[in-house]
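How can a reader new to a two-chain model find a way through it?

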Amino acid sequence: MAVAETLHGHSVEVGSKPLRFHWRLPYAGESTGMAMADQATAAAIGLPDPKAQIEFCRHAEECGIDSLLVDFGFAKPDPMLLAAILGQGAKKIKFILAYRSGLFSPAMFVQQLNTLSALIDGRLLLNIVAGYSPEEQRGYGDFLSHDARYERTEEFLAACHAFWNGGAEVNFAGKHYRIEKGKLKTPFVSPDRSSPEIIVGGGSAQAQQLARREGTCWMQLADEPEKIRAGISTVLASSVEAGLRLCMISRPTHQGAVQAARALIGGEHHARKSDGQTAFIEKTDSVSFKAAYQRGDNEWLTRTLWTGAVRVQGPTAISLVGSPAEIADAIMEYKDIGISQFILSGWPKLAEMMFFGREVLPRIRQREAERAAKGDARSRTSVMN
Amino acid sequence: MSVRFHWSLSQVGDKFRRANATTDMKGLFSLETQIEFCRAAEESGIDSLLMAVGFTRPDPTVLSAALGMETKKIKFMVACRPGVISPTVFVQQINTISAVTNGRIHINIVTGHSPHELRYYGDWLDHDQRYQRTDEFLSVCRAFWRRDGEVNFEGQYYQIQNGRLNTPFVPGERNSPEIFLGGNSELAERLAIKHANCLWRFADSPENLRSRIPEITSQGIEVGLLVSVLARPTREAAVRDANTMVRSLAAKQQFGKEFAQRTDSTAYRSTLELAEKSDSQWLTPWLWTGAIPYLGSPAIALVGGPKEIASAILEYKEIGISQFLFMGWPDLDEMIFFGREVLPLVRDGEAELAGAAKVARRFSYGSC
């Protein structure tokens, strides 16, 4: 298996390492499903709930979850501080902080992130998104268009990397940022890295390019494996990992899972209706959110990949639906084409994660072990020959 | 009203602030040491700890969130520079901390005093432009804190359209943090009067400060003093320690002058001049400028025994100073000594003054 050294000093070994699973951290008042559009009006979501959320973190640790996604938005507490708060109570789980450029000066952002890394021993990853809602961005004083945001985001990450890469002084002259002799004393603290892993989210060509240049993993919304395969080849060739954001509805049987999925959206035919999400989709300038919404025309993309909740819950609700064995097989199919990380969520939030940890993940690990054994056998054979 | 005391948290164990070259500082910190400092501050009657900002330190906001989880009473005065963060995110961050600490957070707005350092952060504005931007920044923040609908703002530095935030400032009885703002320039004064609850001033003799204060306090804001403290059981011991400290610092770099050439802060420059112009290191029998050439303007210090320091504080109180932000060498020992030996004398003095005022009022009622 080829090992490649990337720009930012980590190696990628496609297909051989165990898959990594992340889960989305639920907010206060979010125990069951809640559409993206409804989050905006739920006051409880804005308040951190350290007790319940630390509890969730500990469950995630027990379930074999790598990191929890702490997303950013005007309806929620600030992710950096929420991670600092929860990281004091949960000592093992990592946090994926979702941010976009246009909110902080790069030096300020690196200083905050490095401080957080020192507090929680580097248990953090970054999820950089260029933004999907021009409306929300203007509330933060950010008026750039989709393409200009990508340009700025690339400069932002390049400037951040300049601080992390530890040159004596950072000098940067870009279109959006100008830094002279920049210095920061607080380093990124981690047992094995000098900068955080950077997951770049987004389905557009610009997102992919950004991931190749400044990221460690390109994360996109799920689609059927055949379609994903073609899209990730250049990313993998650049020694950047590929990941998928999707939901999971798993029950002991296929039929039970399908029933649970349909119940979630209030009935079988509901899926084809455009309701709460239509207005949201019209306003977004995200390429992948619009594309995911279109995929909703076809309720089942594969036997297990279901789009029924997309038009009710939002574009990230493309879901794997099925029994633990079916889900494990579907995940392995993604692994075979080169996907190595997943950011998952489900309904109800906690129960789904616990079921995943207990029933689905062991089956995935078992399949991974079986393949590794076969692979070992093959390579031994080839040595003998 | 009792005088309120704040102390500066030395985040990275910089025992003698500015005495060492910044290149020697690591920017790493021990959370345990700082939690201990917070608890000592709680026991010493300190209202809040200043969480300073700068490239040699960890980020004060993130650190305050972590310390807030480990403490019950102490507040955190988070320093903030407007040019490095969107006001919307800033309010979101402050509100997030308020929600887990039950509002134990103040903010200290610093417009910046070193143009060189500001460029590390991509900030290229000059002194007056920075004040204008700070004005806009605080206008936006206050609009979010009012929570009376979507925020719209059209400024030169910030444009906000239909801004919303779901996370409120907690607790509800205050809808925003107390805002402190430092500076000696007229711009700083005007800005504090417009947006802040308290204006920080570097210490000077009560004589020199007296004239400006009523003008500021009459506009509804407080004036606080930024000053170091060197208190020992007796005045002799304090003076001796002050002189010993200067002798040991003299062997190292002269910080003050070099810094004065680079800073564009009116407050920093005028305090350095104060130290230079004066014939003696003693502006009053207890206000000492001897450490300024080595440690910079914040090193202007109250030096003396508990009695001298307490009466100095009461003298300032009489001219209208109602808050103090202290630093010490080293901070922890000085703060504990202050809480144990000086603070009770201040409170006694305040009670006496209040009693005297009551008598005087009764007397004046009686006479009319």
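This is a predicted model: local features need pLDDT of at least 70, side-chain atom pairs count only at pLDDT 80 or more; totals for chains, interfaces and linings use all residues.

Residues are numbered from 1 along each chain as its sequence is written, and chains are lettered from A and ligands numbered from 1 in the order in which they are written.

The predictor gives the complex an ipTM of 0.90 and a pTM of 0.90. Within chain B, confidence is highest in strand β12 (residues 301-304), at a mean of 98, and lowest in helix α10 (residues 255-262), at 57.

Chain A has 14 helices and 14 strands; here helices (H or I, at least four residues) and strands (E, at least two) are DSSP runs, numbered from the N terminus. Of the 385 residues in chain A, 54% are buried, where a residue is buried if 20 or more other C-beta atoms lie within 10 Å of its own, exposed if 12 or fewer, and partly exposed in between, with C-beta atoms placed from the backbone. Two residues are in contact if their C-beta atoms, placed from the backbone, lie within 7 Å, and among the contacts in chain A between residues at least 6 apart in sequence, 73% join residues at least 24 apart.

A:F342 sits in strand β14 (residues 339-346) of chain A, and it counts as buried because it has 22 C-beta neighbours inside 10 Å. Leaving aside neighbours within four places in sequence, A:F342 is in contact with A:L19, A:F21, A:H22, A:G243, A:L244 and A:L246.

Where do the two chains touch? On one side 46 residues of chain B are in contact with 46 residues of chain A. The elements that give two or more residues to this side of chain B are α2 (60-70), α3, α4 (115-120) and β6 (159-163) of chain B, and α3(B) gives the most, with eight residues. By type, the residues on this side of chain B divide into 24 nonpolar, 15 polar and seven charged; Ala, Val, Leu, Ile, Met, Phe, Trp, Tyr, Cys and Pro count as nonpolar, Asp, Glu, Lys and Arg as charged, and the others, Gly among them, as polar.

Helix α3 (residues 87-101) of chain B packs with helix α3 (residues 79-89) of chain A at an angle of about 25°, with their axes 9 Å apart. That angle makes α3(A) roughly parallel to α3(B), since angles under 35 degrees count as roughly parallel, over 145 as roughly antiparallel, 65 to 115 as roughly perpendicular and the rest as oblique. In this contact A:L81, A:L82 and A:I85 in α3(A) meet B:Q93, B:T96, B:I97 and B:V100 in α3(B), and these residues divide into five nonpolar, two polar and no charged.

Inside chain B, α3(B) also has a helix partner, for its axis and that of helix α5 (residues 127-146) of chain B come within 9 Å and cross at roughly 50°. The two helices α3(B) and α5(B) are therefore oblique to each other. Here B:P87, B:T88, B:F90 and B:V91 in α3(B) meet B:F137, B:V140, B:C141, B:F144 and B:W145 in α5(B), a contact whose residues divide into eight nonpolar, one polar and no charged.

The backbone comes last. Most residues other than glycine have a negative phi, and most peptide bonds are trans. In chain A, the peptide bond from A:W347 to A:P348 is cis, with omega near -15°, and A:P348 lies in the loop between β14 and α14 (349-384) of chain A. In chain B, a cis peptide bond joins B:W329 and B:P330, with omega about -10°, and B:P330 is found in the loop between β13 (321-328) and α14 (331-367) of chain B. Phi is positive, near 50°, at A:K181, a residue of strand β8 (residues 178-182) of chain A, and A:K181 is exposed, with 12 other C-beta atoms within 10 Å. B:N102 has a positive phi near 55° and lies in the loop between α3 and β4 (105-109) of chain B; with 11 C-beta neighbours inside 10 Å, B:N102 counts as exposed.

Key
Axes are lines fitted to C-alpha atoms, for helices over the stretch in contact, and angles run from 0 to 180 degrees between N-to-C directions. pLDDT is the predictor's confidence in each residue, from 0 to 100.
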